[in-house]
Amino acid sequence: MSVRKIVGVTFDWQLLFVTLLIPSLGLGILYSAGYDPDLKIDLFSLNSIIIKSHVFLKQLLFFGAAFVAMLITMLIPTRFWHRYAYLFYFGALLLLSAVLVYGTISNGSRRWLSLGAFNLQPSELIKVCVILVMARYLSKTPPRHGLYSLTELIVPALIFLLPMLLIFVQPDLGTALSVGAIGGAMVLFMGVRKKILIAFALLAVVGVGVAWNSFLLPYQKDRIRVLFDPESDPQGKGWQITQSKIAVGSGELFGKGYLQGSQAQLEFLPERTTDFIFCVLSEEWGFSGSVFVLGLYAFLLYRMMMIVLRSKDLFSALLVVGISALIFFHMFVNIGMVIGYLPIVGLPLPMLSYGGSSLVTMLFALGVALGTTVRRNLYVS
Amino acid sequence: MYAYDKSPVNLAPRVVVTLILLVLAFLLLVARLWFLQIMRGDYYKQRSENNRLKTVYIPPPRGHFYDREGKILVKNRPAFNIEFVSEQSSDTDKTIRELSSITGVEAEELTKQLKNQKSRRRFEPKVLLQDVSRDLVAKVAARSTQLPGVIVNYYPARWYLHGDFASHVIGYIRQISDAELQSPKYAGYYQRGDLVGKYGLERKWEHFLQGKRGYQKVIVNVRGVRIKDLPAKEAAIPGHNITLNLDYAVQKAADDALKDQAGGVVAMNPKTGQIYAMASSPRFDPNMFTGEISKDQWQDLIAGRGRKLNNRAAQGAYPPGSVFKLLMGAAGLSEGVITPQTTVHCPGYLSFAGRRYHCHKRSGHGSVNLYSAIVQSCDVYFYVLGQRLGVDRIHDYASRFGLGAPTGIELVQENPGLIPSTKWKREHYKGTEQEKWFPGETLSVSIGQGASLATPLQMAVAISALVNGGKVMKPLLVQELSAAMGSYHDSDFPPKVLKDTEVASEHLDSVRKAAVGVVNDARGTGRRSKLPDEWGITVAGKTGTSQVVALSRKTDDKKTEHHAWFVGYAPAEDPEIVVSALIEHGGGGGKVAAPVVGEVLKAYFERRFVEPEEGTEEKQEQPVVEIEGEPQVQAEKKEDQE
């Protein structure tokens, strides 16, 4: 049986290609970000391949796992996700609640469930589950009069507000906002009445004020303050953003060269394998390298939109819209953060930042998106 | 049940709007990247270079001091600091408590030190204890596992090998102050944390002693750790070594002879002006300036009874008393108002203007000539001589011998002393009734009293001129400045005649003959300065006992005592050395100051007659690793602790 017979004629090979290209480039960047000249890991003990980066090897394993996850989700029929959407959703909500009680505390918040061999981060899981449930609910109840009214929005809002609240109290503001952004993007894609949009815009302004005065933690406020004036405390609170901008800016047009980024290699860049991985790319490959990688994301999102356009059913379309929102939001917030647009929130750069949970989630979700193009002809009629 | 029916909404316009929004979002990101990387790329490139490139300065080894025989007096040694790196310790309080129990220093004291250096980054070492003993270093090193974050750093420190030996001449060094950094003398080269000479020759010859720092450009990581050295570098140039004219044995004898009395001693070669010894008491130990100095210690140094930082040999001015009579004799002979044979009757006083001016010997000396007047220090003879000369001629001759003006020695704040004149009084007391010169005052000046003031150094220079044929020599502390690297030329300090007294040598000889009598005659006042008879070296000189202003007599017992002077030289026929000694409130010059001069002369001539014993050469306390400049990252220079 040929590959074409399995995946069908509509399968988006270009999306698959870019989906694998981005994390592959990510491995290259990560090798540099985690480069330690004193390290000597003799791969296969042949004295021929010497690896000088721990995180590179780990991420290679994560990439393998994520690739397998993607292959599986790619081949699962879309109706499977439709059928079990609520089951997954409530299962994930249950885990999210469990995390508040049994979760492991690190850096002052409960985010992880320890499951023996590996740690599970239910907030990653819920991102995909919210997409599934939102897609199912919105496709079942499209706006009655072209655009959603306030009453029609109550249920979809509850779908993403509930997990948002559970994540917010962990506390993990960045992930909570990303869940909200995904839900919001899906609702907006379907269309919302202008009055509601305006009302929400006003509400958001008031909300920011309330947030500032009531529930934002001091460290979160500091992060916003330094965004506007990082040089006020360049050695302390403004250190990360200052060094990040220096790394990006000093890359100039063509960068300092692979493994040559002084900001990264001499450890001036904090969190350079995770949240600030984009700086390593920008410093060593310059404007040209940064724009190239941005181009890859843009191409990825473009292919996703083409899938949406060609999809024959609303559930699949909304599924892909949600997954696009997931990737776009993480990418935009992360890059916006390192170049000084947005305050520092701990969101990883999809498929480039070091970390298994994020990579598996992203490839898992992209597998679902690719799955909607597999043998689509089978479902037609 | 499964929604595979055709989409109830039209997707195309939604996708188009989404794509437009995406394009805008990406443009926003690209625009920012363009701004940071292309428009401001140069700026950020520079900042990243500033991050990674550091200049490590290599302090130059400061020049050493040697005595005239090449004996080492001052060099450099490694000093150890106990420092703390917060980043390496998870529990600062626990580490501090542990360190406190090892060192015996109060934990609060250590915590205070940390707080004072709050501005340093977490990975930068903060100094806890300065210049600790090797024992303590060993103890701390042995317990290093219980002391996370505690490190031992070493840096070059000044080492004055003989403690307070000649402390007023050599001086001391200390961290440069903010004010000094901005002064034209230091601006440009010096940096915060540099050690500079603050006193004595350490200060005077600072620019030669300092040398030139070297540097090494290095690449550092975020914690300031050196990753790689770059080719750009320059070696440090050691400072000039200074060979002094001081003679260790003579200086030591002067230091010791002063004991705990306040006073000053100067020994010099009358022919060359070379200073063999310049002692001032009480002394200070310049080594103490390496570490921290408490408020009390400072008070003790600059104020208090001792005023230890006061160099009494050059900064202390006292009425020269009867020593001045030697110059009076020379002036009288030179002006022809007396001859050696001229006699004056001393009944114990001189009546003048209805007042009796007493001789120190109330019963009187009877008939005295110049010789016996000097030997017995008869005041009446010199009252008469003073009247014949008049104050302005006295002033003229005193000036010819270098009194009343700085000698030009290489020390700052030299006291110029004072010999009064009618002109001086007119200017000094302008507009008051004191403006006029009273003839009675001439009598006081004639015996070195009244407003007259001179330093022990000036007296040594003046008596040198008396015994060397009338040449006022520039006093010379430094023999040679030599640069180890040959980058500067050696500078010699040849004898320099400042002026000629223009007093005929026969007159000078007459006075010198009397000075021999002062020490050697049965009735002489300076007999206690004599050298052992078997050496066959004749000492000559003149005692002085200068009165302390009566005002303070009632308040302080000790202060009512007279200042004791003695200026001596030997051998009397062809003097090689002149020694002047002053003991503040010491009492009679013959009793107190003459023995001091005797000790110094003894030390000078001793080696010609006594074989040095084996093993008397002072042993160095410890083998020392010479530091020729320990590299220090500029950013980690010590804070000024004063």
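Modeller: Two strands are said to pair if DSSP finds at least two bridges between them. With that in mind, and remembering that this is a predicted model, we can look at strand S11 of chain B, residues 263-268. S11(B) is joined to strand S23, residues 577-583 of chain B, by 6 bridges, and the two run antiparallel; within S23(B), Ser580(B) is the bridge partner of Val266(B).

Biologist: Which residue stands opposite Val266(B) in S12(B)?

Modeller: That residue is Met278(B). S12(B), which covers residues 275-281, runs antiparallel to S11(B) and is joined to it by 6 bridges. The hairpin that S11(B) and S12(B) form has 6 residues between the strands, and in it Gly273(B) takes a positive phi near 85°.

Biologist: How should I read the two faces of a strand, and which residues of S11(B) lie on each side?

Modeller: The general idea is that in a regular strand the side chains alternate between the two faces of the sheet. In the present case, Gly263(B), Val265(B) and Ala267(B) lie on one side, while Gly264(B), Val266(B) and Met268(B) lie on the other, and all of them are buried. Both faces of S11(B) are therefore covered, if we take buried to require 20 or more other C-beta atoms within 10 Å. Counted along the strand, 6 of the 6 residues of S11(B) are buried.

Biologist: Moving up a level, what overall dimensions does chain B have?

Modeller: The C-alpha trace of chain B spans about 150 × 65 × 50 Å along its principal axes. Its radius of gyration is 35 Å, whereas a compact globule of 642 residues would have one near 26 Å. Chain B contains 20 helices and 24 strands, and 44% of its 642 residues count as buried. Of the contacts in chain B with a separation of 6 or more, 74% are between residues 24 or more positions apart.

Biologist: How is chain B divided into domains?

Modeller: The assignment gives domain 1 as 56-244 + 624-636 and domain 2 as 248-609. The C-alpha centres of these two domains of chain B lie 43 Å apart, and 35 residues of domain 1 of chain B are in contact with 32 residues of domain 2 of chain B. On the domain 1 side of that contact, the residues comprise 16 nonpolar, 9 polar and 10 charged.

Biologist: And what does the domain division of chain A look like?

Modeller: Chain A is divided into domain 1, 1-75 + 219-375, and domain 2, 84-216, with 23 Å between their C-alpha centres. Each of these domains of chain A gives 21 residues to the contact. On the domain 1 side, H13(A) supplies the largest share, 11 residues, and by class that side has 13 nonpolar, 7 polar and 1 charged residues.

Biologist: How many residues does each chain bring to the contact between chain A and chain B?

Modeller: Chain A brings 43 residues and chain B brings 37. On the chain A side, H12(A) gives the most, with 11 residues, and the side as a whole has 25 nonpolar, 11 polar and 7 charged residues. For the complex, the predictor gives an ipTM of 0.94 and a pTM of 0.72.

Biologist: Where in chain B does the pLDDT fall below 50?

Modeller: Chain B averages a pLDDT of 86, and 90% of its residues score at least 70. Over residues 616-642 of chain B, however, the pLDDT is below 50, and this stretch has 39 contacts in the model beyond near neighbours in sequence. Residues 550-555 of chain B also stay under 50, and for them the model has 3 contacts beyond four places in sequence.

Methods
Residues are numbered from 1 along each chain as its sequence is written. Chains are lettered from A and ligands numbered from 1 in the order in which they are written. This is a predicted model: local features need pLDDT of at least 70, side-chain atom pairs count only at pLDDT 80 or more; totals for chains, interfaces and linings use all residues. pLDDT is the predictor's confidence in each residue, from 0 to 100. Two residues are in contact if their C-beta atoms, placed from the backbone, lie within 7 Å. Helices (H or I, at least four residues) and strands (E, at least two) are DSSP runs, numbered from the N terminus. The radius of gyration is taken over C-alpha atoms; the globule rule is 2.2 Å times the number of residues to the power 0.38. A residue is buried if 20 or more other C-beta atoms lie within 10 Å of its own, exposed if 12 or fewer, and partly exposed in between; C-beta atoms are placed from the backbone. Domain bounds come from an automatic or database domain assignment. Ala, Val, Leu, Ile, Met, Phe, Trp, Tyr, Cys and Pro count as nonpolar, Asp, Glu, Lys and Arg as charged, and the others, Gly among them, as polar.
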